[in-house]
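I am opening my notebook on a structure that is new to me.

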Amino acid sequence: MTAKTAVITGASGNLGKAVVKKFIDNDYKVWGTERSNSGKNNSKKNEQANERFNEVSLDLLNDDACREWIDSVVNNSQQIDVAVLTAGGFAMGDIAKTKSSDIAKQYHLNFETAYNIARPVFIQMLKQNNGRIFLIGSRQGLDILKGKDSLSYSLSKSLLFRLAEVMNAEAKGNNIVVSVIVPGIIDTLPNRESMPDADYSSWVSPSQIADVIYFYSSEEGSVIREPVIKVYGKS
């Protein structure tokens with residue numbers, strides 16, 4: 001049986017690593033991206049490297065480079081079964097502190113990096129009439145009033161929900177679902193360092209989020225066409 005194929009952006013990040021591991025452990029061939037300015041060699045693989053994992057350095061803001069990379073994945077693997085787009089960034093700031101340039105920066109980090117991969121992947125999935133795309137949203141993007149103190153971030157994340165709606169409308173009648181994962185506070189070292197007095201037991205771990213994403217990608221989860229998946233833990 002030919003291995004299924006997953007594309008994962010931000011593969012070297014906290015959530016990305018967990019998603020890569022989950023899909024590799026379940027016999028997927030995984031194609032991952034890391035930041036193009038990370039200083040790593042394009043051909044170098046991280047600690048999860050094996051014959052089922054290929055990681056490249058890619059500028060996710062370069063539309064042509066993203067399309068060409070997806071074309072190369074398809075040429076190698078014939079199809080793309082799953083795409084999980086974890087790359088992104090965060091910024092604080094209420095409306096008084098948020099300039100239009102701040103909004104533009106978060107738009108690039110959180111929407112454009114997702115769109116430049118989601119678009120060619122979606123086009124390929126339409127051709128093959130099959131596939132799952134997972135965008136990483138946020139509570140602030142889902143409910144903009146929760147994000148008034150991180151306005152530029154919240155606005156950029158809110159666009160991912162609209163993108164999923166448009167793609168699902170276009171894919172109606174096909175075996176394709178675009179979902180937005182909405183995590184609670186993710187239990188990572190940077191989050192612990194920034195919130196040392198918090199109750200970490202209420203947070204959701206990267207591996208728990210990866211488990212949810214994999215389930216919705218599995219045969220058992222294929223009957224569920226949920227566009228918004230909340231993974232809050234106890235937070």
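I count two strands as paired if DSSP finds at least two bridges between them, and I take strands (E, at least two residues) and helices (H or I, at least four) as DSSP runs numbered from the N terminus. The model is predicted, so I note that local features need pLDDT of at least 70 and side-chain atom pairs pLDDT 80 or more, while totals for chains, interfaces and linings use all residues. Residues are numbered from 1 along each chain as its sequence is written, and side-chain values use heavy atoms, without hydrogens and water.

Entry one, strand β1. I looked up its partners and found that β1 runs parallel to strand β4 (residues 82–85), joined by 4 bridges, with Ala6 opposite Val82. Strand β2 (residues 29–35) also pairs with β1 in the parallel sense over 4 bridges, and here Ala6 stands opposite Val30. In β1 (residues 5–9), 5 of 5 residues are buried (under 20% relative accessible area; exposed is over 50%, partly exposed in between, with a 1.4 Å probe and protein chains only). Thr5, Val7 and Thr9 point one way, Ala6 and Ile8 the other.

Entry two, rings. I found 8 aromatic pairs, where ring centres of Phe, Tyr or Trp (its six-membered ring) lie within 6.5 Å, and planes under 30 degrees apart are stacked, over 60 edge-to-face and the rest tilted. Phe23 and Tyr214 are edge-to-face, 5.4 Å centre to centre with 75° between the planes; this pair links helix α1 (residues 14–25) to helix α7 (residues 206–217), 191 residues apart. Both Phe23 and Tyr214 are buried.
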